[in-house]
Amino acid sequence: MPYQNNITQLFNIQYPIIQAGMIWASGWRLAAAVSNAGGLGLIGAGSMYPDVLKEHIQKCKAATNKPFGVNIPLLYPDIDKHIQTIIDEKVPIVFTSAGNPKVWTKTLQDKGIVVVHVVSSSLFAQKAEAAGCNAVVAEGFEAGGHNGREETTTMVLIPQVRDAVKTPVIAAGGIATGKQMLAAMVLGANGVQIGSRFICTPEASSHQNFKDAIMQSKEGDTMLSMKKTVPVRLLKNDFYNTIKTAENNGASEEQLKEILGRGRAKKGMFEGDLDEGELEVGQVSSMIKEMKPAVAIVQEIWNEFEEEKSRVSEL
Ligand code: NDP
């Protein structure tokens, strides 16, 4: 019997494994590869201009006949254009993050689109449920990129979100293996969203320098930075040190924004500037040691999840 639960049924997929939408990493190639492997691939629209998103959606449709989705950070400047593209192209699933889920959820659902919102606390999970979202992603402090200010870890967040809402819960942050997936499911999640592990794939659009930096990173090499502006977890480098020094010297939000400038993430993750770019990745970075095709990662995670499930009864 194939595995089934409320997440596989909601998205009509084989495994409850979702590849996170990641700016400068998850274009159509990665999303299609993960969907073809039986998970759910997401195109990360935060770094795409509206016409670029349209092209990626069309290429993704050509590369897979399985369901896939688009992730949009709600603070994206041209959000109404992205929403229109998604509706016009009949994308079946949208993950929203970094903003108020009340604003777009109904518009999308009225067009038959499944909407999932990413949250970092039980309170935000309840707000997403009240906005009518079909599921929530509960993302802990270990996660790369945008992060909650309260530093709640996945271990602590998932059981509380589980108790706070009735909608399906997808755990994110600190998950890269089948063991970690099982742990999240034991804590009450119905599925997992995995980002960082999928950056070290040939299908991810990020620069090879960034992929190599992840594979060489060690425990403790990522930090949550820029809490005064938008908190982001990233690999420590010269840029991080400049920000940290400014923060230690009491820099204002405006001063930090000025240091950050524009296009830092593109510089690091897409153009491969490991010193001056912003290198957004999660704590699991230190566990990633090799490049693998996305299909191999999905299969490896699922196999380990199944094996570990049987081992749990021996504990
Ligand atoms: P910046 O303002 O520093 O740069 C904007 C970048 O996005 C540029 O590189 C630009 O490309 C590109 N871009 C795509 N569409 C547009 C548009 N309509 N207007 C302006 N720029 C556009 O932002 P960041 O790089 O820090 O973040 C970009 C987006 O990604 C934001 O929406 C942000 O919310 C999201 N984000 C999400 C994260 C997550 O974890 N979910 C983490 C970090 C950011 P070009 O240089 O070619 O013009």
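# A tour of the predicted model

Start with the open sheet, where 3 strands lie in the order β7-β11-β10 with antiparallel pairing. β7 (145-146) and β10 are the edge strands, each pairing on one side only. Strands are DSSP runs of E with at least two residues, helices are runs of H or I with at least four residues, and both are numbered from the N terminus. Two strands count as paired if DSSP finds at least two bridges between them.

Before going on, note that this is a predicted model: local features need pLDDT of at least 70, side-chain atom pairs count only at pLDDT 80 or more, and totals for chains, interfaces and linings use all residues. Residues are numbered from 1 along each chain as its sequence is written, and side-chain values use heavy atoms, with hydrogens and water left out.

**Select 222-225 and 232-235.** These are β10 and β11, antiparallel strands joined by 4 bridges. They form a hairpin with 6 residues between them. In the turn, pick M226, which has a positive phi of about 60°. Back in the strands, L224 stands opposite R233 in β11.

β7 pairs with β11 in the antiparallel sense over 2 bridges. What stands opposite R233 on this side? The residue is G145.

**Select 294-312.** This is helix α13, with 19 residues. From first C-alpha to last it reaches 27 Å, close to the 27 Å expected at 1.5 Å a residue; the expected span is 1.5 Å times one less than the number of residues. Now colour A294, I297, V298, I301, W302, F305 and E308, the buried residues of α13. They cover an arc of only 135° around the axis, which puts them on the same side of α13. The arc is taken from the directions from the helix axis to the C-beta atoms. Buried means under 20% relative accessible area, exposed over 50%, and partly exposed in between, with a 1.4 Å probe and protein chains only. What do these buried residues pack against? Show β1 (17-19), α2 (28-36), α8 (178-186) and β9 (191-194).

**Stay on α8 and pick V186.** V186 is in this helix and counts as exposed because its relative accessibility is 61%. Its C-alpha is 26 Å from that of M22, 164 residues away along the chain.

**Go to M48.** This residue sits in the loop between β2 (41-44) and α3 (50-63). Is M48 buried or exposed? It counts as buried, at 7% relative accessibility. Leaving out residues up to four places away in sequence, M48 touches S26, G27, I43, L53, H56, Y76 and H82; contact means heavy atoms within 4.5 Å. M48 and Y76 are 28 residues apart in sequence and 9.6 Å apart in space, C-alpha to C-alpha.

On a 1 Å grid over the protein atoms alone, a cavity is a set of points where a 1.4 Å probe fits but cannot get out; a pocket is an open set with protein on both sides within 12 Å along at least five of seven lines; lining residues have an atom within 4 Å of a point. Points are joined across faces, edges and corners, and a volume is the space filled by probe spheres set on them.

The second largest pocket holds about 200 Å³ of space. Among its 13 lining residues, E142, T154, M155, G173 and G174 lie nearest its centre. α8 gives the most to this lining, with 3 residues.

The structure holds 1 cavity of 30 Å³ or more. The largest cavity has a volume of about 40 Å³; its lining includes S120, E139, F141 and R149.
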